[in-house]
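Please study the chain shown below before reading the notes that follow it. They are arranged by topic for a reader who is new to structural description.

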Amino acid sequence: MSYALSTQEKAKLQIGFLPDQSPGAENDSKELIQLGNKIFRDINLSANRIQACITCHPLDGRSAGMDRQSTSRGTFGQLGKRNTPTILNIGFSSVLFWDGRRTTLYEQAIDPFVNPLEMSLPSDTELITRIQNDPSYQNHFSNTFPNDPTINLHKVRLALSAFQRSLVSKSKFDDFVKGDILLLNKQELDGLNLFLDLGCNNCHSGFSFGGNGFAKLEDETLYNPNDFGKYEVSGNTNDRFVFKVPSLRNVFLTGPYFHDGSVSSLREVIIRMNSYKKNQTMDNSEIEALIAFLKTLSDRTKSN
């Protein structure tokens with residue numbers, strides 16, 4: 001009990017727990033979220049009408065917001081450049097995409113529809129035209145925007161943002177930090193302490209365990225060295241091989257890993273990152289403890 005109490009206090013101070021709502025969600029109506037959900041699932045909003053946002057970001061059942069492919073394929077089978085991240089808890093992130101080219105869900109909302117490697121629509125005008133021509137949207141926009149049900153890009157952005165903000169997971173770790181002291185077993189507690197003692201939370205920081213900053217990966221054995229990351233957006237040579245630090249929430253459910261999806265095993269990721277950042281020996285029991293702890297960050301409704 002004393003070990004659990006001291007670990008909980010440490011976690012509470014150094015990490016915290018996930019809030020019930022993403023920032024801004026307090027202003028999202030049920031109707032706005034439902035509209036966003038409909039758009040998110042609509043295969044008619046891709047170039048050849050076979051793919052929706054949910055194709056690469058599956059959410060139903062035990063799916064954890066990404067398709068578990070190294071890189072996803074677009075609507076014509078074209079291979080994406082980077083690994084698809086989970087969108088669970090994305091409302092807590094201020095850095096979007098691996099290269100950080102967007103900072104808000106509102107800005108990001110339309111990008112997948114017009115990206116030639118994804119849903120491949122020729123323009124955002126085509127997106128709005130398709131929604132306008134679908135009678136099933138009329139009631140949704142009337143209920144969501146009763147004073148002005150006109151369908152436009154701004155409202156589509158608002159709806160998709162609201163829906164994504166609603167995707168907040170609940171985990172065993174959060175319940176532990178909130179007060180259920182006996183919830184984590186000895187191995188999970190050991191892993192949590194090791195995570196903090198090693199300083200993993202220096203990069204994977206805060207209650208989101210990352211998702212709001214960048215880091216440089218200079219070891220070419222970790223990833224595809226032909227991807228220059230943030231540099232491709234900024235043009236700043238200091239940004240070569242700089243990528244978003246992903247959130248570790250649901251990490252056990254969302255492999256393969258790294259921005260190129262090149263590593264399928266969470267164990268291998270831990271070994272590589274330990275070698276890269278710490279360069280110290282980690283025995284098998286420590287690796288297993290870290291994996292056990294990282295599993296506690298999974299959404300309770302999903303499968304480990």
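This briefing covers helix packing, cysteines, backbone features and selected residues.

The model is predicted: local features need pLDDT of at least 70, side-chain atom pairs count only at pLDDT 80 or more, and totals for chains, interfaces and linings use all residues. Residues are numbered from 1 along each chain as its sequence is written, and side-chain values use heavy atoms, with hydrogens and water left out. Helices (DSSP runs of H or I, at least four residues) and strands (runs of E, at least two) are numbered from the N terminus.

**Helix α2 with helix α8**

- Helix α2 (residues 30-40) and helix α8 (residues 153-165) have axes that come within 7 Å and cross at roughly 95°. Axes here are lines fitted to C-alpha atoms, for helices over the stretch in contact, and angles run from 0 to 180 degrees between N-to-C directions.
- The helices α2 and α8 are therefore roughly perpendicular to each other. Angles of 65 to 115 degrees count as roughly perpendicular, under 35 as roughly parallel, over 145 as roughly antiparallel, and the rest as oblique.
- On the α2 side, the contact (heavy atoms within 4.5 Å) is made by L32, I33, L35, G36, N37, I39 and F40. On the α8 side, V156, L158, A159, L160, A162 and F163 take part.
- The residues of this contact of α2 with α8 comprise 11 nonpolar, two polar and no charged. Ala, Val, Leu, Ile, Met, Phe, Trp, Tyr, Cys and Pro count as nonpolar, Asp, Glu, Lys and Arg as charged, and the others, Gly among them, as polar.

**Helix α1 with helix α10**

- The axes of helix α1 (residues 2-14) and helix α10 (residues 186-197) come within 10 Å and cross at roughly 40°. The helices α1 and α10 are therefore oblique to each other.
- The crossing of α1 past α10 is left-handed. A crossing is left-handed if the near helix is turned anticlockwise from the far one by less than a right angle, and right-handed if clockwise.
- From α1, the residues Y3, A4, T7, K10, A11 and Q14 make the contact with K186, L189, D190, L192, N193, L196 and D197 of α10. By class, the residues of the contact of α1 with α10 are six nonpolar, three polar and four charged.

**Helix α12 with helix α13**

- Helix α12 (residues 266-277) packs against helix α13 (residues 284-295) at an angle of about 115°, with their axes 10 Å apart. The crossing of α12 past α13 is right-handed.
- In this contact, L266, R267, I270 and I271 of α12 meet N284, I287, E288, L290, I291 and L294 of α13. The contact of α12 with α13 has seven nonpolar, one polar and two charged residues.

**Cysteines**

- A disulfide is a covalent bond between the sulfur atoms of two cysteines. In this analysis, a disulfide is a pair of cysteine sulfur atoms within 2.5 Å.
- The structure holds zero disulfides. The closest cysteine sulfur to that of C200 is in C203, at 9.0 Å, too far for a bond.
- C200 counts as partly exposed because its relative accessibility is 24%. Buried means under 20% relative accessible area, exposed over 50%, and partly exposed in between (1.4 Å probe, protein chains only).
- C203 also counts as partly exposed, at 33% relative accessibility.

**Backbone features**

- G255 and P256 are joined by a cis peptide bond, with omega about 5°. P256 is found in the loop between β2 (242-244) and α12.
- N89 is a residue other than glycine with a positive phi, near 65°. N89 is in the loop between α3 (53-56) and α4, and counts as buried at 6% relative accessibility.
- S120 likewise is not a glycine, yet has a positive phi of about 65°. S120 lies in the loop between α5 (111-114) and α6 (124-132), and at 16% relative accessibility S120 counts as buried.

**Selected residues**

- Q108 is in helix α4 (residues 105-108) and is buried, with a relative accessible area of 11%. Not counting residues up to four places away in sequence, Q108 touches L96, F97, R102, R157 and Q164.
- A47 lies in the loop between α2 and α3 and counts as partly exposed, at 22% relative accessibility.
- A47 and E118 are 71 residues apart along the chain, and their C-alpha atoms are separated by 9.3 Å.
- Leaving out residues up to four places away in sequence, A47 touches T75, F76, M119, S120, L121 and R130.
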